[in-house]
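Reader: I'm new to this one. Can you walk me through it?
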Amino acid sequence: FPHEVTEQEHVWIPMSDGTRLSARIWMPDDAADNPVPAILEYIPYRKRDGTRAWDDPRHHYWAGHGYACIRLDIRGTGESEGQTTDEYPLQEQDDAVEAIAWIAEQAWCTGKVGMTGISWGGFNGLQVAARRPPALKAIITHCSTDDRYADDVHFMGGCLLLDNFFWGSGFFMFMSRPGDPEIQGEHWRDQWMERLLNWEPVAATIWQQHQRRDAYWKGGSVCENYDDIECAVFAVGGWNDGYSNAVPRMLENLNCPKKGLVGPWGHKYPQDAIPGPSIGFLQHSLRWWDHWLKGDDNGIMEEPPYKAWLDEPQKPLALLPMSKGRWVTEPSWPSPNIASQTLHLNGDGLGESAGAESVVVHRS
């Protein structure tokens, strides 16, 4: 690495209501004298131990190349104080806006901040970008969606998904875990009990109470107004992930600087994902940060804005280690190289024109 890296296991970031959020920070050892841009990852899965294995290599890498990297636990999760009651509440966004302002004001920061994250961290990266905190210049959003109602794990096409129960169960478990006594101190058990007493199974008490696209789902769905986002957006997904549809949709509708990448992967970062081929995304993301947070004219924005893996036929396997195919690029999305075709569902099958109306009875 060009820089030696200093790690701070725990730093409190204060909120205006007195609540403190717990952060883990990596930065070049000379950042106090030579300020650097910052990269924030903001998720609820306990930075102390829950996500440590994949926090370390990414944030240490970027810090070694001249960034201050902050892994922040959301209010009411991990070691952070306070309470949270649901995914993506407005309070979570408010806290992020305050945290970004705090980071930008530190002596070790140049005042420019990026956000990154996968899944939850990809969601709130988009949501916070829509709030336009002045210091936030760019984000990388992995495996996320712009539409919480039509393209998440709760409802799809108006139908309740099994994932609503699957994720609801895991969500209840994750959010109920205690903080680390070594950080929270002698009152850690009181904080845990308060966390447990204020938590409920939201899959039933909230998510299933909103079966239509109402204000609840519109909150945090940046598709409601793409123009809210002005900073640069790099959207990354995988065909074997549940959120691949969002990447081309955001490329079509966002009016900010943007890039899209979809590989053959599942719900993982591209450098670790299967099915392969995985890619050196740490190096690729560094070019993105260098351009938007350091002003390096490294050519990344002159490259095709949309790159995708094109699968070729192959024998299916329960666990596919490597996908057959090739990378393709498009100059924009929708692509000038692709034509749309509308097919009509007729009684005798699909047709280029609509047939006469008929009633078809099917008993499974």
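**A walk through the model**

Author: Start with Ile43, which sits in strand 3 (residues 36–43). Strands (E, at least two residues) and helices (H or I, at least four) are DSSP runs, numbered from the N terminus. This is a predicted model: local features need pLDDT of at least 70, side-chain atom pairs count only at pLDDT 80 or more, and totals for chains, interfaces and linings use all residues. Residues are numbered from 1 along each chain as its sequence is written, and side-chain values use heavy atoms, without hydrogens and water.

Reader: Is Ile43 buried or exposed?

Author: Buried, with a relative accessible area of 4%. Buried means under 20% (1.4 Å probe, protein chains only).

Reader: How far apart are the C-alpha atoms of Ile43 and Leu72?

Author: They are separated by 6.6 Å, though the residues are 29 apart along the chain.

Reader: Switching topic. Where is Asp55 found?

Author: In helix 1 (residues 52–64). Asp55 is buried too, at 0% relative accessible area.

Reader: Which side chains make a polar contact with the side chain of Asp55?

Author: Thr51 does, at 2.5 Å. Arg71 does as well, at 3.3 Å. A polar contact is a pair of N or O atoms within 3.5 Å; within protein, one must be able to donate a hydrogen and the other to accept it, and residues adjacent in sequence count only if both atoms are side-chain atoms.

Reader: And what else is Asp55 in contact with?

Author: Leaving aside neighbours within four places in sequence, its contacts (heavy atoms within 4.5 Å) include Arg24, Trp26 and His60.

Technical notes
Buried means under 20% relative accessible area, exposed over 50%, partly exposed in between (1.4 Å probe, protein chains only).
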